[in-house]
Amino acid sequence: MEYRIEIIKKDDPRGRFIVEDFKTFGIEGIERVEVRDVYYLGGELSKHQVEFIASELLHDPVIEDYRIGDGEKTKDAFEVLYNPGVTDPKEDSVKKALGDLGIEVSYVKTGTYYRFQGEFNISELNRAAGLFLYNPLVQYIRSPEHLVHQPAAYTSGIRHIDLNEDLMKISQDMGLSLSRLEMEVIKEYFQKKGRKPSDVELETIAQTWSEHCRHKTFLGRIQFNGEQIDNLLKQTIMKATAEINHPLCLSVFHDNSGIIAFDDEYGICFKVETHNHPSALEPYGGAATGIGGVIRDILGTGLGARPIMNTDVFCFGPVDFDYRKLPEGILHPKTIVKGVIQGVRDYGNRMGIPTSSGAVYFDSSFLYNPLVFCGCLGLIRRDRIEKRVRPKDAVLLVGGRTGRDGIHGVTFASAELSEGAEKSCVQIGNPIVEKRLMDCLLVVTEKGLLDSVTDCGGGGLSSAVGEMGKECGVRVELDKVPLKYQGLSPREIWISESQERMILAVPGENLKEVIEIFKREGVEATRIGEFTDDKRLRLYYNGEEVCDLDMDFLHNGLPKPWRKARPRKIEVKDIDIPKPIEFNSLLLNIVSQPNCSSREWVIRQYDHEVQGTSVVKPLVGEGFIGPQDAVVIRPRLDKDQGVAVSCGINPAYGRLDPYNMALSVIDEALRNLVAVGGDIEKAAILDNFCFSSPEREEVLGDIVLSTKACYDAATAFRVPFISGKDSLYNEWTDNKGNVYMIPATLLISAVGIIDDVRDCITLDFKAENSNIYLIGDTAGEMGGSEYYRLLGIDGGVVPTVDLKKAPEIMRRLHRAVKQGLILSCHDLSEGGLGLGLSEMAISGGIGAEIDLSSINYQGKNLRFDYILFSESNTRFLLEVSDDNAESLESLFEGLPCTKIGKTIRDGYLRVYYKKRKLVDLPLLLIKQKWLKKVV
Amino acid sequence: MKPKVLVLRAAGTNCDIETAFAFEKAGAEPERVYIDEIIRMDILKYQVIALPGGFTYGDDISAGKILANEIKYKLQDKLLKFIEKDRLIIGICNGFQVLVKAGILPGINGYFKKQCVSLITNDSERFEDRWVFLKVDAEHSVFTRGIKSLITLPVAHAEGKFVTENGVLDKIKNYIVFQYVNDKGEPAGYPFNPNGSMMNIAGIADPTGRILGLMPHPERFISYLQHPNHTRKNLPESGDGLLIFKNAVRYFKI
């Protein structure tokens, strides 16, 4: 039997927000929306029991009523439910609560019932609902009179594939994303073996050789402008790290995250991942599992690390995009923005990890392919960094169960998005499962019971187990894997990307104790196989061998073809535009631009203070709204050492000039770190490349140029790369065959060790009558600036970085902070001096007056607009008291350091050029424009 | 002897480490214990039980509901004895939601009775992390004795709007311990009252003053370094939250 219980809130705020959302999608006339939570319970229950469950457990007697039975039959209502096979995130916990009441049920399904009142067109309403109220990939709507469907049964079994047929057809039909050359190599391997491969074997190879797992482009061979590059990553980014040979580096590039030294006992690990395609299709689930996955990367570093901070960076299309022009198959940016932020929020907050650092960037080119970067930092014992699997160790699978979710996420990442792209890769996360897994794993780590650990991410068991057993060999019994529901084929079990799972290598003598630790807190831990010494990957299903591959072939057999790359034409000429006359409205316009305005609407939704570690918060100053350049946490509550985290990203520069874009974002990430008191001599960086298809020579050229810039900048600053990731094929093809590519995008994430967090400074002006200094050179490099974006200008010269001067400026600034010379400091980025000064004033609630004539402007013609809104790199605004002005000037001797004005008593911002007053605005007005909420 | 504090852990608890740290700083001896073990153990060896913040069981059904249900059906007798023996209970954020939904707070008709107050979705319909100003009643509750009338602490929740059944507000008016105010100590609207709580209520105690529940996080303001504006003000070395934990310790030292 199935029982339906509806929870009726006396006053549900959700309805109000939904009415507003419908309006933004053009549906007028809805006066009221009633929202009810719905529970379906399966099992044999008495009427009295159902009543008891509803009244005692499911409803809140203070604000809710309940109703048992079918939904009211009305055409102005529908219910949203999860598709069969999709995990219902509430099922486990509701079942547990029923168990506490002494009641057992066979299943729990949850849904939401919506009832609409007003004058509207019902079919229009249904269409709009699909834009934001539910996602057809994971949910469906139905009118309340029908029953929920049970998951359909699938056929299991094993297939053998004949490779004498059309190889490319096999690759496409099976969704392997393997090239002809790769398929040929595979065919040859099995010809030598004298047998046909099983579907499991082909899948295993496809997963292992996927772009996601093997980084074929970055590790591949490239011909660029007559240069032969044998391994792009090794010859640029990894080479820089090797040359710098930084004493801080404890583990770089080979584990699930990079590790630097924190103190004698602990190291800090850091990893940033992308989850672009899943987030484009199902923003909430895609982003949530993105953060869930990168947290597991930290848990799977060394023998296990404790996650201490999440970071998130997003690139979205414009939220005011006309929904009527939206191509079929594309979600509206507003839906994506909301979904992604809620996904990161709900997962990160529930994990109890502060989400403190990040960025949100808007550009029309991300309409079709948004970017979602999720990062995590961890604290690891230095004696838990080394990991090594030994033959005879048990393969222990811990955490959630395996289902059909997320099949082919990895090979999907190697293909472009298009209308009708494979969508089975959608995953739904359950943070509480991961939280339990984390709590237990950290106990096991502390006790030193493991030989190795890694997470099940892209490629599922196939990647995790295959990678772990690479050096020795492994055998796995797939029928031992606990399933969410029956009917998965061995192939599906092996490649499923179900979330919240990890693989542990456990020595036999510890196995019982490890399983017990997990069991105690309700986490499943199952021995599914054992590591061997035969250097083979062997899989069994109910005793039948379904895979037998040589590890050597699997990991070293991938052919390395030469790919061609060429540089594209870079715009060198600046553009001539008329000079503006009125600067007040111009400044107000700049501060309210989507890439310049306050991020409070996002940051507040993240718990950035859980764990009690935050010392420099993302929001500081008067009214707690000041946007910090970097955040600082104190991972050990009883110690004063800190970790500073920041980032740099600028796709607008990437569109014009990938080399200078890469230099700029490295400079940006580092200057953010320095602005809070960080030291580039105790810092490390991470790269995340997002590009469109590298099969285009120009795109590959962009990649080569930006990696070269990474080498040049890292060696100049002497800041090593410790980890990195690339995400390619970020583009979308519409049904007419038009391709929409993203611009060359590089996210640099920076981490720095702070000796004493008491020395840290923030951006908000602290006092009236202080001196305002500008550090660094200002040039008329306006290409890609927010000012040009505002004017609708595409082109111009992108800011570069003076690699000799920049490191020196940053080192001196660090010294000045250490000596206590600086009251507040802010770096200048998007929106330039105009925005930077405004933010310092608003955040401190203190006005300022500056004179542009004191600035040594390097541009050809004197232009006030360029001085105010240039985004030249390596620039900082400082607030310095009279007492320290002289010391500061002498500390910066020989470097650009100019006093440009004063903080003032009035709550006004005034900008002069000599006697001419250009800007005269009350802070309150600037603040009001700047605080604009995006969604 | 240091009072022993049981810091309860369940699936989804996530402020247990910093809550234990705060108690340790205050001079207590905290121990983090998983709920299944608590159900099996003798809890009378502890002087204080702390229910920390988090999202127990994912806050499925509603915030704190499933843990409240578990406590009500698996721990009721032990807790009644614990309360009877003059011990202290503090519920912070999710812990407050649990105390309310288990019918332990406000405790005006006894404990584990029908739930008559609730903590529901914020008016903004969003999770919000922000610092708030609180007016403190320093008389009624053991936990707030001697605390100055205006303090600041952070809140971080999606379901913190305090509401009551009709007629209850009047009965609990003497047990209101924390109220949201503006920086001048006056009642004010959003964002000073971050969630739309009735009478700006941020925390209440039971009639004995020994059971306290509050939405703000005192364990997140133990040191001045945790204040968002420690770089612009000269703040005392210890944060406003520490006294609440010290009061719990002092109760057993006198």
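At 43% relative accessibility, B:Asp183 counts as partly exposed, where buried means under 20% relative accessible area, exposed over 50% and partly exposed in between, using a 1.4 Å probe and protein chains only. B:Lys184, at 61%, counts as exposed. The side chains of B:Asp183 and B:Lys184 meet in a salt bridge of 3.7 Å, N to O; the term stands for a side-chain nitrogen of Lys or Arg within 4 Å of a carboxyl oxygen of Asp or Glu. Elsewhere, salt bridges that share partners join A:Arg4, A:Glu6, A:Glu34, A:Arg36, A:Arg67, A:Glu79 and A:Arg142 into one network.

A word on the ground rules. This is a predicted model, so to speak of a local feature takes pLDDT of at least 70, and side-chain atom pairs count only at pLDDT 80 or more, while totals for chains, interfaces and linings use all residues. Residues are numbered from 1 along each chain as its sequence is written, chains are lettered from A and ligands numbered from 1 in the order in which they are written, and side-chain values use heavy atoms, with hydrogens and water left out. The model scores ipTM 0.96 and pTM 0.95. For chain B, the mean pLDDT (the predictor's confidence in each residue, from 0 to 100) is 96, and 100% of the residues reach 70 or more.

Back to the salt bridges. Over all chains, the count comes to 86. One of them brings together the side chains of A:Arg655 and A:Asp363, at 2.5 Å, N to O. A:Arg655 sits in helix H22 (residues 651-656) of chain A, while A:Asp363 is in the loop between strand S13 (355-362) and strand S14 (371-381), so this pair links distant parts of the chain, 292 residues apart. Helices (H or I, at least four residues) and strands (E, at least two) are DSSP runs, numbered from the N terminus. A:Arg655 is partly exposed at 29%, whereas A:Asp363 is buried, with a relative accessible area of 3%. A:Asp363 also meets A:Arg789 in a salt bridge, this one at 3.2 Å, N to O. A:Arg789 belongs to helix H25 (residues 786-791) of chain A, so the pair ties together parts that are 426 residues apart in sequence. With a relative accessible area of 28%, A:Arg789 is partly exposed.

Charge also turns up on the surface of chain B. B:Glu29, B:Glu31, B:Asp36 and B:Glu37 gather there in a patch of negative charge. Strand S2 (29-34) and helix H2 (35-40) of chain B are the elements that give two or more residues to this patch. Patches are made of residues with over 30% relative accessible area and no salt bridge, with like charges joined within 9 Å and nonpolar side chains (Val, Leu, Ile, Met, Phe, Trp, Tyr) within 5 Å. Lys and Arg count as positive and Asp and Glu as negative, leaving out His and the chain ends, and the place of a charge is NZ of Lys, CZ of Arg, CG of Asp or CD of Glu. Accessible areas come from the Shrake-Rupley method with a 1.4 Å probe, and for residues only the protein chains shown count as cover. B:Glu29, in strand S2 of chain B, is partly exposed at 41%.

Some helices are well tucked away. In helix H7 (residues 199-208) of chain A, 10 of the 10 residues are buried. Helix H3 (residues 65-74) of chain B has eight of its 10 residues buried, so it is largely enclosed by the rest of the structure. Among the buried residues of H3(B) are B:Lys65, B:Glu70 and B:Lys72.

The peptide bond from B:Leu105 to B:Pro106 is cis, with omega near 5°, and B:Pro106 is found in the loop between helix H5 (94-101) and strand S5 (117-121) of chain B. Another cis peptide bond joins B:Tyr190 and B:Pro191, where omega is about 0°; B:Pro191 is in the loop between strand S9 (176-181) and strand S10 (201-205) of chain B. In chain A, phi of A:Ser177 is near 55°, a positive value in a residue other than glycine. A:Ser177 lies in the loop between helix H5 (167-173) and helix H6 (180-193) and is partly exposed at 33%. A:Lys914 has a positive phi as well, near 50°, and is exposed, with a relative accessible area of 55%.
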